[in-house]
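I opened this notebook to keep track of what I looked up, entry by entry.

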Amino acid sequence: MTCDPRRGQYEYFLNVPNPYAGATVEVDITDFMQKIGDDPFFLSFLFAVSRAANAVPELRRRLLPDGRVAEYVQSNPSYTVLKPDHSAYVYCLVESDLTDRAAFIAEGKRRQEEVLARGTMTDDGDVRSHIFVTSLPWLSYTQIVLPCGTSDESNPRFAWGKFREENGRVILPVTLYVHHALADGWHIGQFFEKLRAELEQIEPSM
């Protein structure tokens, strides 16, 4: 990071107790909803979010324990799956090359069954490489606060709520939190631009 253009921000926000920045944006998913047909909404949208997140290099960067920064080739989504009795949730990691939506959805379904059967919150793989995802399908919110551990936990956090109809369009609140040492408002904006493009370009379900 000594040669990175964001060196100053990196050094400053390493020592800030709450170094997280975020935004909630209302995303138009009208055409996306028509294209995915009967495919599961959550996994279909997660596919688009994962592709958009990976298209922004700063969202693949993580702080290492020795103070250095790693940029992963790919960051896979680790998300919350609610238990059938609604008592708690478990973590589910989907590892995919993010080129095939149908394959991603199939792997997501398989992994969800696996982690629900396991029943514990245990996360898999190299947790530092993950992007963290949660969903609140019961609330069409305008603001959300996402939990973070210590100030060196640098995984981006994504959330979305309940979609609603407004003036004939379908609107979904989507949130992104980033560690400010690694990313800022420009990169948050880049993610939402990439997400818009992914939603526009997604292939209709067969």
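Predicted model: local features only at pLDDT ≥ 70, side-chain atom pairs only at ≥ 80, totals over all residues.

Residues are numbered from 1 along each chain as its sequence is written, and side-chain values use heavy atoms, with hydrogens and water left out.

Entry on strand 6. I looked up strand 6, residues 131-135, where strands are DSSP runs of E with at least two residues, numbered from the N terminus. Four of its five residues are buried, that is, under 20% relative accessible area with a 1.4 Å probe and protein chains only. I then checked its partners, given that two strands pair if DSSP finds at least two bridges between them. Strand 4 (residues 77-82) runs parallel to strand 6 and is joined to it by three bridges, with Ser78 having Phe132 as its bridge partner. Strand 7 (residues 157-160) is also parallel to strand 6, through four bridges, and there Thr134 stands opposite Ala159.

Entry on Thr175. I found Thr175 in strand 9, residues 169-179, and it counts as buried because its relative accessibility is 1%. The side chains of Thr175 and Tyr141 are joined by a polar contact of 2.8 Å (a pair of N or O atoms within 3.5 Å; within protein, one must be able to donate a hydrogen and the other to accept it, and residues adjacent in sequence count only if both atoms are side-chain atoms). Leaving aside neighbours within four places in sequence, Thr175 has contacts (heavy atoms within 4.5 Å) that include Ala23, Ile144 and Ala159.

Notes: Buried < 20%, exposed > 50% of the residue type's maximum accessible area, 1.4 Å probe, protein only.
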